Amino acid sequence: MAFTTMVGARIRRREDPRLITGRATYVDDVRQVGTVYAAFVRSPYGHAKLTGIDSSALKDDPHVIAVYTGEDLHHAHGLKSSLPVAHKMADLKTPPHYILALDEVRFVGEPIAVVVADSPYTARDAAENIVVEYDELPAVIDMEKAAAGPPFVHESLGTNVAYTFPFAAGDVGKAFAEADVTIKQRIVNQRVAPVPIEPRSMVANYDAGMQQLTIYSATQIPHLLRTQLAVVLGLPENKIRAIAPEVGGGFGAKLNVYAEEALICWLAMQLERPVKYIETRSECFQAMIHGRDQIDDLEIAAKNDGTITGLKLKIHANMGAYHQLLTPVIPTLTVLMAHGCYKFENIEAEVVGVFTNTMSTDAYRGAGRPEATFFVERAIDMVAQRLKLDPVEVRRRNFISASAFPHTTATGLTYDSGNYETTMDKALAAIDYAGLRKQQEELRKQGRYLGIGVSTYVEVCGMGPSAAMPAAGWDSATIRVEPTGSITVMTGVSPHGQGEETTFAQIVADELGVPIDQVTVVHGDTDKVQYGVGTFGSRGTAVGGAALKLAIETIQAKAVKIAAHQWEANPDDLEYRDGKITVKGDPSKSMTTAEAGFLAFMGDKLPPGLEPGLDATRRFEPPNFVFPFGTHVCVVEVDAQTGEVKVVRYLAVDDCGRLLNPMIVEGQVHGGIAQGLAQALFEEVVYDERGQLLTGTLMDYAIPHAEQVPSYELDHTVTPTTVNPLGVKGVGEAGTIGSTPAIANAVIDALAPFGVVHIDMPLRPEKLWAAMQAKPTNGSVR
Amino acid sequence: MQIDLTVNGKRTSLDVEPRLLLAHALRDYLNLTGTHIGCDTSSCGACTVLLDGVSVKSCTVFAVQASGHEVTTIEGIGNADSLHPMQEAFWSAHGLQCGYCTTGMIVSAVDLLRRNPDPSDDEIRAGLEGNLCRCTGYENIVKAVRAAGKAMRDGEPRHSVADLMPIHPPVEEPPPSGEAIIPEQLQEAKA
Amino acid sequence: MIPASFDYVRAGSVDEAIRLLEEHGDEAKLLAGGHSLIPMMKLRLAAPSVLIDIAEIPQLAGIDVSGGRVTIGALTKHAALAASDELKKNAPALWDAANDLGDPQVRNRGTIGGASAHGDPSADYPAVLQALDATFTLAGKGGTRELTSGHFFRGMFDTALGPDEVLTRIAFDAAPNSAYAKFHHPASHYAVVGVAVVLKMDGGTIGSARVAVTGVGDAAFRAGAVESALKGVNPTDAAAVTAACASAARGVTGRSDTFASAAYRAAMADVFTARAVAKAATKR
């Protein structure tokens, strides 16, 4: 029987036994003798001068081991490094971003001083006993005010504008001049917090004898972290080991290099003891990156038949007070995807990146693309509403047709493959769209407000060609066939819930013909794994999996040579078939990978010139991004008395190319939908005008509970890609990108009888209730 | 001060500060690190354990309060040799991704079935109101609790991890054993 | 996340608790389920130097219904109230609130006495216990005293419980026609608006009503105008109920937060009052 049963199968995840029994090791579970604990003093002000830091109360505290301020690091210890930002922008303003604030604090939660003590409890006590004096400065929170002039977040820059990024394609002027209708709308994509359930966690240790630094961190990018720590700390990179053990969710927020990570390493070197820091949830809300936060001013030109002919965009993008690793890059992705899955040819856009006295924004699940999909999908619905057309028909009219792939967009991307109308039709049929519209009309007559929202998205992922990335875009895999036949895979990606220990083993099991329990997938340790870029941008399988496939091919080619020599045959006459080496056309003779591996280990029966051993390291440089797509349909009912939204149905038809393990794919989509839904309905990070964070705990900031989300109905289509040898497209962000506009469109559709054109997220009951105080028009507006 | 706890059936005596949270006592004194901490406002439920058989958030109980009482953590709910049906169901239904909330979620779900052995999906969702998950969108968690409820009502036996490991594709001959340095069939291949 | 240090002592009896309170003065706090106090201590918003644990005092927990009077021990856990069929029959408003409060783990640990003594302006019980016209028994050095709910709840985080008193029980007349309707804050589970209604039916119409609202102002309050307006209303007449429940929060200065403005809270007070009236009139 053939070894072709693993890929495509819904097998249980191999990482789960340790997770369900409480035997997994997250960073806080790492135990090292002699560990001491850090606690931070953080700014309670949005903007202030530091006029004094008094830690004298700690002088005789026997629990306290060390206290450092920004001044100490900068002057006494010469640690003047700024934290890294990866970008390729010529005119980007990059103000210094020190590990601890020097002279001035610029957002609530900015670290000012660190204290190290003998327990987490005594460390917290000590931090409470450090007295900091501040001279509060005017803060700037509003992006437009910030862009217009003082006060400045960084006085030395003389501006709050970090960069501008203009873009133009086609003839926008002509499109607007010849339009039948034009629509102007401001769409705010609010600031949200990623909230992985495991907050930022790190423990560093320094072996002074070996001059070896080891950091365990809850990170998505152990190798990039190591590289950046080498730069920030001025250490040889080969003297740093970064380990991402079990990581409790990332969503982009752990795709970063944080001040705390650098400082914990430095402290471990100073003190020659393991130093641990586990942030609290309150600190996490203050000082872990936030996502989104754009004001998108949109102008749309359209013809009476619903064809959209032109798009003008002005994007104000909030950087926060400093750049984190990818802060300025994220909004540029919004422009790249400003045409969604439509053939918009005339686009004019400008991004204005603005500093404010808030925590930095950066990559959050979707990272720049959800913002684009949101305004594009809202635009389609607004055009439909204005022209009294069905929003589904407007989509149909503007889709890039299935025969047009590969398709080069106005923004210069080449969409690999797609079939947008097919996923939409499948979704509409499954949910009985026509029936829903009838039901909606009936209910409106009864004063009940059902809304139907459709979103047809395409996303750019599988990040990405190195030329188009702020840093390397490739990834790596090593396969080692061990002498006794088990197979070790070292992958450069660093999963934290995505299940690659299972899916990668499925691929290897099929292709190299070994039982899956003989395959072990190793990741997240720079001393074990060759350099890899990490897990983000829906790239784990599309790039890391592709590298694995290349490594399999190298192993197979060598194994074939070994078998050919053994059989005195021509390698060209042999092939891998069902996971084994056979003679073409003669399946009676075969050799397993394990057998070839053993011969390679023994070394004495190898063809001349062939090195012993059966292992391979390969890197995959993606020639292009991949572009998964799909249609999400959401049905909501809005309570006319309260404005509360009930999601009645949620259906998604996604196309992420080939599915390696449908169970894992569905899980990614479920979680993505919930996160996108949460942005649409619940979540918003709110600062007041002085920069106080008003949503600083899980008592104020609403991430959804089980009863606040619906059950999801999923289906898929399969349109493979030729960008990578697996034909996969990535699915980590799809749910988040597709769902937010589907829900917003549904809610706004429900409120159409009240003349509502747009309401900004989150679609809190109060906003909807206020909109529903208008007198409704009876029946459908269509 | 001295406290006496029975944790996962084993009596233990600890000398603790009164302010020590039960979650930290379990993690840092008893090395039961399956109990996770995800917030500071008693919101997320990652730290859920059973105290005298009912679910509590161990970050909102001082260890001294638990003195004289029985605590069951995820480690006591089941292990690789004998999975609790709830653990098995979370595995089979893909009710977890990053795993961080999972242990608390499983403990809460065990308590939910104690109160209501045959809950509807809505009752499951309401019963897990005290636990936050950011990965799964809850769909497969609900599925898992439903399946575990059925298994428990049907009196299904407990399984080990080994019983449930991913099913191998059928093979014509046994795979090379990992035990021998030079397995027999490889010797033959070499010959 | 980490509270400041304190001394811990367990009281074996109410008398011992009172003696310990006297001994330690203002610095001491009673600890029952701890679900109001411990979260505040973890964020260092409260830092008592002594905690007197009363959770193990016998006979302070339990639900007793006799002679049309419901008596609840102060240490009775929310979960016990939520699971009580007796309570569902005799005071469905409190049963509703106990089921709607927090989450299962919080209900398994928190007590009615602790939650009441905390006086949180968004808590459920202050509204329910005012609508039920509950009597609070406070034990002190000189014996016990009884206060009505109107006197017990004084304001934001403020009750009449003295510094060396222990709340021992809460009692009220059975109110089979009562209900609590709550608009949950999506994050905290606290009441954005919560309305408790106790009806005395006079045939098919409302003979008299007690209505109390939480979440809107600095403390739960009685909606006197609504109570009067409900007299004689047929609770199945939705339009009449809505009319009677208009301006339930009249005269109250509402609070605003990132989730709901004062104006919206006031409007929702009307909606949830009407819902609670309809629910209270329904046999359960």
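I take two strands to pair if DSSP finds at least two bridges between them. Helices (H or I, at least four residues) and strands (E, at least two) are DSSP runs, numbered from the N terminus.

**Entry 1. The model**

I noted that this is a predicted model, in which local features need pLDDT of at least 70, side-chain atom pairs count only at pLDDT 80 or more, and totals for chains, interfaces and linings use all residues. Residues are numbered from 1 along each chain as its sequence is written, while chains are lettered from A and ligands numbered from 1 in the order in which they are written. I recorded an ipTM of 0.96 and a pTM of 0.96 for the model.

**Entry 2. The strands of chain C**

I began with the hairpin of chain C. Strand β4 (residues 63–66) of chain C runs antiparallel to strand β5 (residues 69–73) of chain C, and four bridges join them. I found that C:Asp64 has C:Thr71 as its bridge partner in β5(C). Two residues lie between the strands of this hairpin, and C:Gly67 takes a positive phi near 55 degrees there.

I then turned to strand β3 (residues 50–53) of chain C, which pairs in the parallel sense with strand β1 (residues 7–10) of chain C over four bridges. C:Ile52 of β3(C) is the bridge partner of C:Val9. Strand β2 (residues 28–31) of chain C also pairs with β3(C) in the parallel sense, over four bridges. Here I noted C:Asp53 of β3(C) as the bridge partner of C:Leu31.

**Entry 3. The fold of chain B**

I counted eight helices and five strands in chain B. Their order from the N terminus is β-β-α-β-β-β-α-α-α-α-α-α-α. Of the 191 residues of chain B, 60% are buried (20 or more other C-beta atoms within 10 Å of the residue's own; exposed means 12 or fewer, and partly exposed lies in between; C-beta atoms are placed from the backbone). For contacts, I used C-beta atoms, placed from the backbone, that lie within 7 Å. In chain B, 62% of the contacts with a separation of 6 or more are between residues 24 or more positions apart.

Which strands form the sheet of chain B, and in what order? I found five strands in an open sheet with mixed pairing, ordered β2-β1-β5-β3-β4. Since β2 (10–15) and β4 of chain B stand at the edges with a single partner strand each, one side of each is left without a neighbour in the sheet. Neighbouring strands are turned by 40 degrees against each other on average, direction ignored. For such angles, axes are lines fitted to C-alpha atoms, for helices over the stretch in contact, and angles run from 0 to 180 degrees between N-to-C directions. Helix α4(B) packs on this sheet, touching β3 (48–51) and β4 of chain B, and its direction makes about 40 degrees with that of β3(B).

Within the sheet, I looked up strand β1 (residues 2–7) of chain B, which pairs in the parallel sense with strand β5 (residues 70–72) of chain B over two bridges. B:Glu70 of β5(B) is the bridge partner of B:Thr6.

**Entry 4. The neighbours of chain B**

I recorded 60 residues from chain B and 63 residues from chain A in the contact between these chains. By class, the chain B side of this contact has 32 nonpolar, 20 polar and eight charged residues. Ala, Val, Leu, Ile, Met, Phe, Trp, Tyr, Cys and Pro count as nonpolar, Asp, Glu, Lys and Arg as charged, and the others, Gly among them, as polar.

Note on methods: Two residues are in contact if their C-beta atoms, placed from the backbone, lie within 7 Å.
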